[in-house]
Amino acid sequence: MQDRLKELQAEALEKVAAAADLKELNDVRVSYLGKKGPITEVLKGMGKLSAEERPKMGALANEVRDAISGQIEIKQKELEEAAVQKQLAAEQIDVTLPGRPVKTGSHHPLTSIIEEIEDLFIGMGYTVEEGPEVEKDYYNFEALNLPKGHPARDMQDSFYITEETLMRTHTSPVQARTMEKHQGKGPVKIICPGKVYRRDNDDATHSHQFMQIEGLVVDENVRMSDLKGTLEVFAKKMFGEDREIRLRPSFFPFTEPSVEMDISCKICGGSGCSVCKGTGWIEILGAGMVHPNVLEMAGYDSKKYTGFAFGMGPERIAMLKYGVDDIRHFYTNDVRFLKQFSIEE
Amino acid sequence: MLVSYKWLQEFIDLEGVSAEELAEKITKSGIEVEGVDKLNEGLSGVVVGHVLECDKHPNAEKLNKTLVDLGNGETVQIICGAANVGKGQKVAVATVGAVLPGNFKIKKAKLRGEESHGMICSLQELGIEGKLAPKEFAEGIYNFTPDTEIGQDALAVLNRDDEILELGLTPNRADAMSMLGVAYEVGAILGKEIKLPNPQPETSAEQASDYISVNVEAKEDNPLYVAKVIKNVKVGPSPVWLQTRLMAAGIRPHNNIVDITNYILLEYGQPLHAFDYDKFGSKEILVRRANDGEVIETLDDVKRTLTPDHLVITNGTEPVALAGVMGGANSEVGNDTTTVLLESAYFTGGAIRKASKDHGLRSEASSRYEKGVDPERVRPAAERAAELMIELAGGEILGGVVEADSLDVKPAVVSTTIQKINKVLGTELEMNQVEEIFARLKFETTVDNDTITVTVPTRRGDITIEEDLVEEVGRLFGYDNLPTTLPVGPSTPGHLSDYQEKRRIVRRFMEGAGLYQAVTYSLTSAEKATQYALEQREPVQLAMPMSEDRSLLRLSIVPQLLEVLKYNIARQNDSVAVYETGAVFLKNGEDELPEEREHLAAAITGLWESHPWQGEKKPVDFFVLKGIVEGLSAKLGLDSQLGFQKAELDGLHPGRTAEILLNGTVIGFIGQVHPTMQKALDLKETYVFELSLKALLEAETAPLQYTAIPRFPSITRDIALVVEKDTAAGNLKRVITEAGGTLLKEVQVFDLYEGEKMEPGKKSIAFSLKYFDPEKTLTDEDIAKAHNKVLKALEEQAGAVLRG
């Protein structure tokens, strides 16, 4: 009997070792350790043994069982590990294949520019004001010190609808309207973005429709030095900390004094190149101290109140900033163009 | 205005200030210098030579063989192709080794067997535009006057060693349209004195008033008219110094008399006109408005029909000049002219601008009158011109001046205070600094405590108010020297309005959903203006459009986006998804502003999703776009207020179109572009929507409020219904929701079957219903009660039966 058990142990261990997968191993377990297995069978013959031998034989049987189940356990772990390895091997992928594209769109580049400017000025205490694109002659011209007959308001340059209404030629009427709304009281601190229209033939540098963004500050003690400081903050934020600005005298009917702001050329650093036409400076915007006639017409006492205003073209800024060479690109909406601006800067 | 650096030095000492430096200084303090043109840039080795012999080239009919004395002891043979070359001429010779514009190097050459040691030059070859060269030299080589010394640098004789400052003048700075004006400006900038011409010509005993009288009818247009008569002149070419100054300023030389009038125009900014006295036709100058239909032939040989809007100079009967714009051909100064009638007049801008515009004629004279000339220079300019005429054309000036003077122009007197100046500029200037600035400008001032009173010379008509004085101080003090500050005073909260904030959310959502933002034109054609309009109204029309395509304001954005799609498809961008936010324009009454309503529109075509190596390609469809509208409304907290109902709209597929409703009101549409339209635009299946963004963003939403996360399990019941094929899922969902009561929290369509296993005319649609009670675990009984109500309602209201 003892021999038979030893024999069974050797036989079982051999089969355990030979089991190729978990199923075979389970079969071994069931056939040797199960209730109908050979060990149980052998132990049935225990009754024939002496009382002395019986416990010995019982202990031996348990030993054999433990040895087998121990090996089965070890083998099971091995096989499980092998199965995992096999599965992993089978599940290999080519990680260099492209991922599933996430569908994204993006801002139009002009919106990016406008929002960047809006946010900068909102941070400086400005609100964003908007106004109609079809304007009254009064707000577009008269209220801005451009009385009827002024050469700068030629019929040829504007899209008139009737004698008294036209497509606004700048966003300045929003300034006039906002000042009027404030009824002669300060402070006014606004930024006005929007579409404007001029009677131009569309070409690489002209567009009959384009964007403008203007700013206006009116209060009791607004100085030209404040304008200079404000524009410097703007220029450095938009074009880089290392940009220098300069103000040059200029002329606009609605400001006095009037200036134009240049920034030092990024391309050549000021030494002169084709982008800045050899001057080292690039013109960015027009600005000035609000003309007393404009203040008075909007109901402000020009003895008490002063103000500054500035205005610029997002197209021009986008063209300079991104190197766009043709203004028409902004309005044809070629997706190959639009896609290039999906990068957040 | 083109300003010669050399000429300017006649009025002001520019020692130590190069043209470049001067340009920089002028730009910074008032007038933008748009460029500095070095006339001899890339030019060298050109001398004055003397043509000793000139014969036909033995082997080439069109060439000449010349022998030219270069004046340095060298005499060379040069082959010259110009037809006008001749023996005895003094010419410009580009010697061997010379460089001409375009880096053209002159080398020894053999032309048809004959050696050529250099090139005889035309003015164009020396960088002067053909249209500026005197007519006789416009083609062929240039001749110097016989007295020109040979051997000297021809470029210096032609004043090519000059630099030209190109001033970009703003309309207020008409004063700088003259050398004198620029001299005043530069004097102020550099703080230097200027030398002014002081004409004091001798006159003969004969009196001009015996020859001519002046009568001005249109006194408002012409407050001052000065006439002078110069007798016995000899008309001929001007000396080279005069010709080159004109050419450098962009004016073509004609003859000495005409050139002098142009020279004075440049020097004084005062336009002059010279008539041939003998051709004038009378002894009377009459200035009046033209008669309607009156005709004048101007110097450019064009016959022009006039109206009373135009001012004319007449000889009492017929016009001899279109005042301030151009002279008449009938009284033109020519080579046979001996007596000159010289006009120097002050015309006001209006009539000149009108005539110049009506006749498309902008001359050096008209552009100055339009912006305003200095009335104080009318007489001195005439004197200076007369003086130059006797100097360069001989003759004598008749005594006295004949004039009509109703001029009432006084220098403006403007006051300001030191406080005002410092308040506006943000500076801390002292009064003496301010006085010094006005002294540099040659403005007279008086100071009384803190007040400075400035007498503004008439040449600076742009200075009329206090702020103008502040500008003069600011610009000459230098904007570079202004402090850099930020506005002080009460702080204001900076923010976007709720509407603007939400509009940004909409844009972010649309972009996150995969659409690119487009910006298109508001102006469109008659056809497109009303296509896809949410509200049909007569479109707003421009009074004077530039083209049919841009003549009306849009009532919808979709046609513009379809145009964007078409443009992209034609360029192999096959899958396009774009959206736009922008105004559409709804006409109100005449002279009333139209209503501008902001819309949101989108258009998609091609593949929506594509991941080729995984075999995925999903083209756009109705539900892709509808999902975006639904997602957007959810983002804005409006999903319970938004609805869709089947509709048939022009330009859209009748079976695939819905109106978008907000609380029952139509605010937009969504659908497939009608196949006929798709075909016309060369588009594949394309879906669009447009809605009133204004309505969407102004809709009231409930404030965001937390709802407790359910603690009890929910129970789901799935039902498959058999219904008539045309039963709308939305309708079934509404029935379910209404009947389900408070326990029914969610209803979703999860299957749709219209296949052949169905009875004809029927379809199967399956819903998943989720019930729960926040207060307790639901019992089967609770659910059965609610669910049976749903089933009953479905059967009664929609004829829906459970699929067996």
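Predicted model: local features only at pLDDT ≥ 70, side-chain atom pairs only at ≥ 80, totals over all residues.
**Figure 1. Chain B as a whole.** Chain B contains 21 helices and 43 strands. Its C-alpha trace spans about 130 × 85 × 55 Å along the principal axes. The radius of gyration of chain B is 42 Å, whereas a compact globule of 804 residues would have a value near 28 Å. Of those 804 residues, 52% count as buried. The accessible surface of the chain is about 36400 Å², and carbon and sulfur atoms make up 48% of that area. Among contacts in chain B with a separation of 6 or more, 68% join residues 24 or more positions apart.

**Figure 2. Elements of chain B at the two ends of the confidence range.** Among the elements of chain B, the lowest mean pLDDT, 89, belongs to helix α8 (residues 349-358) of chain B. The highest, 98, belongs to strand β39 (residues 686-692) of chain B.

Figure 3. An unreviewed UniProt entry assigns "domain: TRNA-binding" to residues 40-155 of chain B. This span is 2% helix and 46% strand, and its end C-alpha atoms lie 7 Å apart. UniProt also places "domain: B5" (unreviewed entry) at residues 409-484 of chain B. Residues 409-484 of chain B are 39% helix and 22% strand, with the end C-alpha atoms 40 Å apart.

**Figure 4. Helix α6 of chain B.** Helix α6 of chain B runs over residues 256-268, which makes 13 residues. From the first C-alpha to the last, the helix reaches 18 Å, close to the 18 Å expected at 1.5 Å a residue. Twelve of the 13 residues of α6(B) are buried, so the helix is largely enclosed by the rest of the structure. The buried residues include Asn256(B), Asp259(B), Asn262(B) and Glu267(B), as well as Ile257(B), Ile260(B), Ile264(B) and Leu265(B). Tyr263(B) and Tyr268(B) are also buried. An α-helix has 3.6 residues a turn, so residues three or four places apart point the same way. Just after α6(B), Gly269(B) takes a positive phi of about 75 degrees.

Figure 5. Leu266(B) sits in helix α6 of chain B. Leu266(B) counts as buried because its relative accessibility is 2%, below the 20% cut-off. Which residues does Leu266(B) touch, not counting residues up to four places away in sequence? They are Met1(B), Trp7(B), Met177(B), Ser178(B), Met179(B), Leu246(B), Ala249(B), Ile251(B) and Arg368(B). Ile31(B) is 235 residues from Leu266(B) along the chain, and the C-alpha atoms of the two are separated by 17 Å.

Figure 6. Glu256(A) lies in strand β7 (residues 255-264) of chain A. With 6% relative accessibility, Glu256(A) counts as buried. Leaving aside neighbours within four places in sequence, Glu256(A) is in contact with Met289(A) and His291(A) in chain A. In chain B, Glu256(A) is in contact with Glu467(B), Asp468(B) and Glu471(B). The "domain: B5" annotation of UniProt spans residues 409-484 of chain B.

Note on methods: Residues numbered from 1 in each chain as written. Chains lettered and ligands numbered in written order. Heavy atoms only, no water. pLDDT = per-residue confidence, 0-100. Helix = DSSP H or I, 4+ residues; strand = E, 2+ residues; numbered from the N terminus. UniProt positions renumbered as here; feature names shortened; annotations may be inferred. Rg over C-alpha atoms; globule rule 2.2 N^0.38 Å. Buried < 20%, exposed > 50% of the residue type's maximum accessible area, 1.4 Å probe, protein only. Contact = heavy atoms within 4.5 Å. Areas by Shrake-Rupley, 256 points an atom, 1.4 Å probe, with all protein chains shown as cover. Expected span 1.5 Å × (residues − 1).
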